[in-house]
Amino acid sequence: MLRSLSLPLLLMAALFIVPLAHADDQEDQAAVQKRVFEMLEQSHWVAEGADDPERVVYMFTDMECPYCASQWQMMRPFLQNADNDVQVRHIIVALIKPTSLGKGAAVLDAKDPQAALDKAQGDFNQGGIEPLRDIPAEVENALQANTILMMQLGLRGTPATLFLDPKGRLQAAPGLMNEEVLASYVFQTRPAPKAP
């Protein structure tokens, strides 16, 4: 398909609350948080996981990013769990290499984008997916719009994952998250550790 800082020390470097445009109170923060999710929803993404999710996670992904492929691999046990109620939406961007555009286009323009994403990420070490050579203008525009959105949100590298933490606060995790962060904060399959 196209389309808070009381954390344990081990997470301090990995997670941060998305800046909420100087929102002073909870009502302002909720409004800005809602707007961020609307922007993410309107981007061009490929979904995997729950078909009727209770929660949605957005991940900015470049098809030439080895850390994105590693994050995709680390998410497999969570996404394939029969009790999973989370949908991960990969917002495809083209930043890292000249071939990022062609490979991203190959995923977004595929008849089955999820299968193309699986090929690109699952076979990353063997070259991933073949870049699309003749990129339709609408697909190139979608990739550019995704990349601009990422920059607008102040995110500078991939993977960058946005989600609601167990307290319902919008979090952004730049870079590769470990299994503990995925389990406690992203998929919430176990309680988050207590802050020291």
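Which residue in β4 is the bridge partner of Met59? I looked it up, and it is His90.

Ground rules before going on. I am working on a predicted model, where local features need pLDDT of at least 70, side-chain atom pairs count only at pLDDT 80 or more, and totals for chains, interfaces and linings use all residues. Numbering starts from 1 along each chain as its sequence is written, and side-chain values use heavy atoms, with hydrogens and water left out.

**Entry 1: strand β3**

I took helices (H or I, at least four residues) and strands (E, at least two) as DSSP runs, numbered from the N terminus. Strands pair if DSSP finds at least two bridges between them. β3 covers residues 55–62, and 8 bridges tie it to β4 (residues 86–93), the two running parallel. Between them the chain passes through helix α3 (residues 66–79), and I noted this β-α-β crossover as right-handed. That label means that, with the strands pointing away from the viewer, the path from the first strand over the helix to the second runs clockwise.

β3 also has 3 bridges to β5 (residues 160–164), this time antiparallel. Here I found Tyr58 with Leu162 as its bridge partner.

For burial I used relative accessible area: buried is under 20%, exposed is over 50%, and partly exposed is in between (1.4 Å probe, protein chains only). In β3, 7 of the 8 residues are buried, so the strand is largely enclosed by the rest of the structure.

**Entry 2: helix α5**

Which residues of α5 are buried? I get Pro113, Ala116, Leu117, Ala120 and Gln121, in a helix that spans residues 113–122. Down the axis they fall within an arc of 125 degrees, so they line one face of the helix; the arc is taken over the directions from the helix axis to the C-beta atoms. A reminder to myself: an α-helix has 3.6 residues a turn, so residues three or four places apart point the same way. The buried residues of α5 pack against β2 (45–49), β3, α3, β4 and α4 (99–108), with contact meaning heavy atoms within 4.5 Å.

**Entry 3: Thr147**

I found Thr147 in helix α6 (residues 137–152). Thr147 is buried, at a relative accessible area of 12%. Skipping neighbours within four places in sequence, I see Thr147 in contact with Val93, Ala94 and Leu95.

**Entry 4: rings**

My search of the whole structure gave 2 aromatic pairs. The rule: rings of Phe, Tyr and Trp (its six-membered ring) pair if their centres lie within 6.5 Å, with planes under 30 degrees apart stacked, over 60 edge-to-face and the rest tilted. Phe78 and Phe187 have ring centres 4.8 Å apart and planes at 10 degrees, so I logged the pair as stacked. Phe78 sits in α3 and Phe187 in the segment after α7 (179–186), 109 residues apart, so to speak a link between distant parts of the chain. Phe78 is buried at 10%, and Phe187 is buried at 3%.

I also checked charges over rings (NZ of Lys or CZ of Arg within 6 Å of the ring centre and within 35 degrees of the ring normal). Arg76 lies over the face of Trp72, 3.9 Å from the ring centre, and Arg89 over that of Trp45, at 4.1 Å.

A cis peptide bond joins Thr158 and Pro159, with omega about -5 degrees. Pro159 is in the loop between α6 and β5. Gln188, in the segment after α7, has a positive phi near 55 degrees without being glycine. Gln188 is partly exposed, at 27% relative accessibility.
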